[in-house]
Amino acid sequence: MRYVITGASRGIGLEFVQQLLRRGDTVDAGVRSPEGARRLAPLTREVGNRLRIHALDVEDDASIRAFAADVCSQPVDVLINNAGVPGLWCAFPDVDYADMARTFAINALGPLRVTNALLPALRRGALRKVAHVSSRMGSLAENTDGGAYAYRMSKVALNMGVRSLSHDLRGEGFITVMLHPGWVQTDMGGPQAPLPAQDSVRGMLHVIDGMGPEHSGRFYDYQGSELPW
């Protein structure tokens with residue numbers, strides 16, 4: 001199968017690339033700076049044309065169009081919208097609204113922009129699956145301690161967008177879900193996080209592999225448990 005992964009240069013995105021290549025899939029990896037993707041480049045020497053690395057800034061329409069022009073030359077079976085930023089975690093009086101707007105643009109609008117741009121290739125794919133790495137911090141029901149305004153609000157917006165996509169694309173056979181990766185040991189999650197990236201991604205791939213029409217528009221964690229909104 002052919003996968004497209006955004007935010008693929010490190011952390012969860014890099015782990016997606018590594019696990020997919022190990023099982024024999026083909027991957028198109030979107031990264032902000034291909035020159036800086038030092039952990040991806042060696043993989044191309046191991047797997048050849050099963051990995052292609054592309055420049056992609058999900059905040060920039062021109063970058064997305066150029067990315068789509070490269071990627072859409074062949075069918076895409078699965079898109080994983082992984083790129084994201086934490087934003088500034090501020091107390092309410094200190095909220096930085098410019099940072100919040102940027103966080104929203106990357107975390108909420110970016111996945112919609114990329115999905116829309118790749119629709120022609122996804123329509124030609126065998127699976128028509130789109131998975132979005134969200135967070136349970138975007139669950140209204142589970143917000144019991146406040147804070148993290150930029151991150152929480154961007155993920156709520158992403159979840160609502162995916163819910164709408166599930167309805168709008170259902171008639172074409174698309175399956176799209178939101179995934180909570182857990183608190184993962186990455187640059188974003190920090191060294192104190194309890195979950196290795198390998199375990200998180202292994203679980204999310206299991207969820208993606210098992211996605212059927214009945215799962216579209218729903219919110220799952222990396223273990224396959226459905227989460228409240």
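Me: Which residues does Ala 55 touch, not counting residues up to four places away in sequence?
Reply: The model is predicted, so local features need pLDDT of at least 70 and side-chain atom pairs count only at pLDDT 80 or more, while totals for chains, interfaces and linings use all residues. Residues are numbered from 1 along each chain as its sequence is written, and side-chain values use heavy atoms, with hydrogens and water left out. Contact means heavy atoms within 4.5 Å. By that rule, Ala 55 touches Val 31, Pro 34, Ser 63 and Phe 67.

Me: Why is Ala 55 classed as partly exposed?
Reply: Buried means under 20% relative accessible area and exposed over 50%, with partly exposed in between (1.4 Å probe, protein chains only). Ala 55 is partly exposed because its relative accessible area is 43%.

Me: How many residues has the largest nonpolar core?
Reply: A nonpolar core is a set of buried Ala, Val, Leu, Ile, Met, Phe, Trp, Tyr and Cys residues joined through side-chain atoms within 4.5 Å. Among the residues with the most contacts inside the largest one are Phe 16, Val 17 and Ile 208. The number of residues in this core is 35.

Me: What distance does H6 reach from its first C-alpha to its last?
Reply: Helices (H or I, at least four residues) and strands (E, at least two) are DSSP runs, numbered from the N terminus. H6 has 13 residues. The expected span is 1.5 Å times one less than the number of residues. Close to the 18 Å expected, H6 reaches 18 Å.
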